[in-house]
Amino acid sequence: MHAIGVDIGGTKIAAGVVDEDGTILAQVRRDTAPDDTAGIDAAVADACKELAASYDVGAVGLAAAGFVSPDRRSVLFAPNIAWREYPLADNVAALLDMDVDIVVENDANAAGWAEFAFGAGKDATDMLMLTVGTGLGGAIVIDRTLVRGKWGAAAEIGHMRVVPGGHYCGCGHEGCWEQYASGSALVRDGQAAAVAYPDRARRLLELAGGSPAALRGPQITQAAEEGDELALSLIEGLGRWIGEGSASVAALLDPELIVVGGGVAAAGDILLRPARAAFAEQLSALGHRPEARIAVAQHGNEAGIIGAADLARI
Ligand SMILES: [Zn+2]
């Protein structure tokens, strides 16, 4: 059965028809505004209608960046979109007028499921996915089952406290893991370093057009790939935070595989090498237990579409 997956972000949605092997057969996009929830409903329905005109579709999965209700119908809260106890699936169903099942999934869970079912984790049974983007999203698969928790809010690993009294977080607390292991953290530290050490940051400042505040993550990755020392140390710092936090998660879950996705995953081994080293240093009973592999995600930006579509079929 073909299913549609829709990845709903703050400013755009991407929707695709996905077959049972996880291949996207067709894809469309729509621009949206984060405070216009009715506009998002309409854009989602419109994108689904366009795709369903050319393909026989049996289910629709909506990947949403927020806390999803356990019945997979509503978004309870979203930090970057104006959803509060919002009946997303029912609203889209009312506009769609198609006889299909519609479910809502957390976007990081959807991305993790795509990697588990069709990507880096397809031979695994127990997997942790880290989506390292603006924030740090997580997905947990145990014994081939996605862990949603009792109330649908499992795997919000980005908000585990790793530094008491640390950086403020958008969730209202301090010292959350995503304040250290995210693209935003990389950019914050890169901008601070460019202000503090303009000589060492010469290449970074060049890429940012001369202004520390204009520095972005892909520029840091590019400079690191060129061998720039400061950029390499910034990526290494990020990798170490990913690895250290993962060791704490491993103490809890004992995964066989940790998949790193999101924008910074483009840095590949430059990021994973320090992550693996920090993971091994922090892992308890090191040398007396099998160590989880840390691998890069395979589906990139399309993981949300693929995972949401596949979860809608289950
Ligand atoms: Zn937080």
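Author: The radius of gyration is taken here over C-alpha atoms, and the globule rule is 2.2 Å times the number of residues to the power 0.38. For 314 residues a compact globule would have a radius of gyration near 20 Å, and the protein chain agrees because its own value is 20 Å. Along the principal axes, the C-alpha atoms of the protein chain fill a box of roughly 60 × 50 × 35 Å. Please note that this is a predicted model, in which local features need pLDDT of at least 70 and side-chain atom pairs count only at pLDDT 80 or more, whereas totals for chains, interfaces and linings use all residues. Residues are numbered from 1 along each chain as its sequence is written, and side-chain values use heavy atoms, with hydrogens and water left out.

Reader: What percentage of the residues of the protein chain count as buried?

Author: Buried means under 20% relative accessible area, exposed over 50%, and partly exposed in between (1.4 Å probe, protein chains only). Of the 314 residues, 51% count as buried. For total areas, the Shrake-Rupley method with a 1.4 Å probe is used, and for residues only the protein chains shown count as cover. The protein chain exposes about 13900 Å², of which carbon and sulfur atoms supply 50%.

Reader: How many helices and strands are there in the protein chain?

Author: Helices (H or I, at least four residues) and strands (E, at least two) are DSSP runs, numbered from the N terminus. The protein chain has 9 helices and 13 strands.

Reader: In what order do the 5 strands of the open sheet lie?

Author: Two strands pair if DSSP finds at least two bridges between them. The 5 strands form an open sheet in the order β3-β2-β1-β4-β8, with mixed pairing. Its edge strands, each pairing on one side only, are β3 (24-31) and β8 (101-106). From one strand to the next, the twist averages 20°. Strand β2 (residues 12-18) runs antiparallel to β3 and is joined to it by 7 bridges; Ala-15 has Val-28 in β3 as its bridge partner.

Reader: Which helices pack on the sheet or lie across its strands, and at what angles?

Author: Contact means heavy atoms within 4.5 Å. Axes are lines fitted to C-alpha atoms, for helices over the stretch in contact, and angles run from 0 to 180 degrees between N-to-C directions. Helix α1 (residues 37-52) packs on the sheet and touches β1 (2-8), β2, β3 and β4 (57-64), its direction making about 150° with that of β3. Helix α9 (residues 303-313) lies across β1, β2, β3, β4 and β8, and runs at about 130° to β1.

Reader: Is Arg-313 buried or exposed, and which residues does Arg-313 touch?

Author: Arg-313 is found in helix α9. This residue counts as buried because its relative accessible area is 19%. Not counting residues up to four places away in sequence, Arg-313 touches Met-1, His-2, Ala-3, Val-18, Asp-19, Glu-20 and Ala-59. A polar contact is a pair of N or O atoms within 3.5 Å; within protein, one must be able to donate a hydrogen and the other to accept it, and residues adjacent in sequence count only if both atoms are side-chain atoms. A polar atom of the Arg-313 side chain lies 2.8 Å from the backbone oxygen of Met-1, and the side chain also reaches the backbone oxygen of Asp-19 at 3.0 Å.

Reader: What of Leu-25, and which residues is Leu-25 in contact with?

Author: Leu-25 lies in strand β3 and is partly exposed, with a relative accessible area of 33%. Leaving aside neighbours within four places in sequence, Leu-25 is in contact with His-2, Val-17, Asp-19 and Tyr-55.

Reader: How many residues lie between the strands of each hairpin that β10 forms?

Author: β9 and β10 form a hairpin with 3 residues between them. Strand β9 (residues 127-132) pairs with β10 in the antiparallel sense over 6 bridges, and Thr-131 stands opposite Gly-137 in β10. The hairpin of β10 and β11 has 2 residues between its strands, and Asp-143 in the turn has a positive phi of about 50°. Strand β10 (residues 136-142) is largely enclosed by the rest of the structure, because 6 of its 7 residues are buried.
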